[in-house]
Amino acid sequence: RLEPLPADPGPAIGAEAWKTRLGQRDAINGYRALFTQAIARHGRDATLRKYLPDLLPGIGCAAFHPLIRTGYGVRFGDDRAVADGLAYWAIAFVPLGPLGPVGTERDPRALLESVHATRALAGRDLPGHRITGKMKSAAELPEFQAKLDALAPDDTTVAALAAATVRIYADGGDFTALHAVTGTHAFRLLQPFITPP
């Protein structure tokens, strides 16, 4: 069920106004050209440092697949996969909303267990198409936002979140949880290029 890339080059994407086409599927070839040229001119590391901060608000788009594709491009030194991952991220871009204030909970697993124990959230059938649509619906729930705002991230948070997602997946084998495992791993691969942290 893979779709071939469109033969039409689509709109040209310039480095100055590249954000104007975020979320537009017809811009795939323009974004591929932009990121391929940026990597050829400035190198993979500089390209990632330049574009990742603006793409991060859409980190969950397409069920983390653009993040995963970009991360694995870095992992295996494949500049084409990095350019394709960034382009996919740009056309699938869906921000989940702003982050609130920093909370006091330092354990992501405890926070996830708290979400599961909250009656208004546990087992709720969320509207939205596929994983990303349901994530967007969850992010808009005040009860979920309160849980998210409770987190106090530090240097150990990503590793703790990775361990928590692996445990959730191992406990239930849920396909959606697997996206959290691979997404967290991909984020760790890209973390060195994200400034400020």
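In which helix is Pro108 found? In this predicted model, Pro108 belongs to helix α5, which covers residues 108-117. The relative accessible area of Pro108 is 5%, and because buried means under 20%, this residue counts as buried. When residues up to four places away in sequence are set aside, Pro108 touches Leu151, Thr157, Ala160 and Leu161. Ala33, by contrast, is 75 residues from Pro108 in sequence, and the two C-alpha atoms are 38 Å apart in space.

Attention was next given to charged side chains. Side chains of opposite charge can pair when their charged atoms come close. A search of the whole structure finds nine salt bridges. One of them joins Asp54 and Lys19, with 3.7 Å between the closest N and O atoms. Asp54 is located in helix α2 (residues 44-55) and Lys19 in the segment before α1, so this pair ties together parts that are 35 residues apart in sequence. Asp54 is partly exposed, at 31% relative accessibility, and Lys19 is likewise partly exposed, at 44%.

A further salt bridge is formed by the side chains of Arg32 and Asp84, at 2.7 Å from N to O. Arg32 lies in helix α1 and Asp84 in helix α4; the pair therefore ties together parts that are 52 residues apart in sequence. Arg32 is partly exposed, with a relative accessible area of 21%, whereas Asp84 is buried, with a value of 12%. Arg32 and Asp84 also belong to a network of salt bridges that includes Arg69. Elsewhere, the side chains of Lys136 and Glu140 meet in a salt bridge of 3.9 Å, N to O. Lys136 has a relative accessible area of 27% and is partly exposed, while Glu140, at 53%, is exposed.

The open space of the model was also examined. Rolling a probe the size of a water molecule over the atoms shows where empty space is left. The second largest pocket holds about 1,100 Å³ of space. Its lining is made up of 26 residues, and those nearest the centre of the pocket are Glu3, Arg25, Ala62, Tyr88 and Ile91. Two or more lining residues come from each of the helices α1 (28-42), α3 (65-75), α4 (79-92), α6 (130-139) and α9 (175-190). Helix α4 gives the most to this lining, with six residues. Sorted by class, the lining of the second largest pocket has 14 nonpolar, eight charged and four polar residues.

Definitions and conventions:
Residues numbered from 1 in each chain as written. Predicted model: local features only at pLDDT ≥ 70, side-chain atom pairs only at ≥ 80, totals over all residues. Heavy atoms only, no water. 1 Å grid on protein atoms, 1.4 Å probe; cavity = no way out; pocket = protein on both sides within 12 Å on 5 of 7 lines; lining within 4 Å. Points joined across faces, edges and corners; volume = space filled by probe spheres on them. Helix = DSSP H or I, 4+ residues; strand = E, 2+ residues; numbered from the N terminus. Nonpolar A, V, L, I, M, F, W, Y, C, P; charged D, E, K, R; others polar. Buried < 20%, exposed > 50% of the residue type's maximum accessible area, 1.4 Å probe, protein only. Contact = heavy atoms within 4.5 Å. Salt bridge = Lys/Arg side-chain N within 4 Å of Asp/Glu carboxyl O.
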